[in-house]
Amino acid sequence: MRDIAPASASPSADVEGDAPRLNRRQAAKVRTRQKVLDAARQLFGERGYEPATIRDIAKGAGMSTGAVFANFQDKAELFEAVLSTDMVKLAETLKAAAAAETTVRGRLLAALTAGYHGSLEQLPLVQAVVARSWFQPVADEMRSREAVKPLVSVVTDALQAGVADRELRQDADVRLLGEMIYDAWLSNYRRAAYDNWTVQQLTAQIGKQIDVILAGALSRQ
């Protein structure tokens, strides 16, 4: 077992509650990683997954491909890092929109419409998420599912609030309803990609889908 010196013996020990300080090398690594993520996000958003190469991402970040691989094992890991960060931010946007409404339908529609507004400009990135889910290895798919969980949680939270408010039946299968609504929301991006649907058209479509999916779960009182 290695010796552990008392905290008071180290002049550089952090005071309890203080964030650990990074040395120059660590800080430089953090900056490099962020540059790579920013460049990758832009290219994935513009081109999608396959056309965005590591070489182009490195060029966009102003560094060598070696610097990219020093931070990420491969393009798949880089994509998942971008996806995880963006999904957390998008989930916060959905939560804020839902919080302004008082009914289960209102919460769902506001949240999912905010999602379209917040992501439609990066449609190739959304397409990449959907396309890769069919062809990537199981381990990569499981990590991708973890990345989108914050979005699904916003939907299920709205449904659970509907049960608590007795808008929905007490025996409503919130998990199943949430998955169906999320899948409908995601599938509508095909309309934007191939039929040039606007946010307004997407909103109208998801509104109708919410009504159909919730019809059997509404409280009769």
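## Asn 188 and its neighbours

Let's start with one residue in this predicted model. Leaving aside residues up to four places away in sequence, Asn 188 touches Tyr 116, Leu 202, Gln 205, Ile 206 and Gln 209.

Is Asn 188 buried or exposed? With a relative accessible area of 2%, Asn 188 is buried, because the cut-off for buried is under 20%.

## Helices H5 and H10

Helix H5 covers residues 104-119 and helix H10 covers residues 199-214. The two pack at an angle of about 145°, and their axes are 10 Å apart. Their crossing is right-handed.

Which residues make this contact? From H5 come Val 104, Arg 105, Leu 108, Leu 109, Leu 112, Thr 113, Tyr 116 and His 117. H10 brings Val 199, Leu 202, Thr 203, Ile 206, Gly 207, Ile 210, Asp 211 and Leu 214. Sorted by class, the contact holds 10 nonpolar, 4 polar and 2 charged residues. Tyr 116, Leu 202 and Ile 206 take part here, and Asn 188 touches these three as well.

## Helices H1 and H2

Now move to another pair. Helix H1 (residues 24-47) and helix H2 (residues 54-61) have axes that come within 8 Å and cross at roughly 125°. H1 passes H2 in a right-handed crossing.

On the H1 side, the contact is made by Lys 35, Val 36, Ala 39, Ala 40, Leu 43, Phe 44 and Arg 47. On the H2 side, Asp 56, Ile 57, Gly 60 and Ala 61 take part. The classes here are 7 nonpolar, 1 polar and 3 charged residues.

## The whole chain

How many helices and strands does the chain have? There are 10 helices and 0 strands, so reading along the sequence gives the pattern α-α-α-α-α-α-α-α-α-α.

The chain has 221 residues, and 40% of them count as buried. Take the contacts between residues at least 6 apart in sequence: 70% of them join residues at least 24 apart.

Methods
Residues numbered from 1 in each chain as written. Predicted model: local features only at pLDDT ≥ 70, side-chain atom pairs only at ≥ 80, totals over all residues. Heavy atoms only, no water. Axes fitted to C-alpha atoms, helices over the stretch in contact; angles between N-to-C directions. Helix = DSSP H or I, 4+ residues; strand = E, 2+ residues; numbered from the N terminus. Left-handed = near helix turned anticlockwise from the far one by under 90°. Contact = heavy atoms within 4.5 Å. Nonpolar A, V, L, I, M, F, W, Y, C, P; charged D, E, K, R; others polar. Buried < 20%, exposed > 50% of the residue type's maximum accessible area, 1.4 Å probe, protein only.
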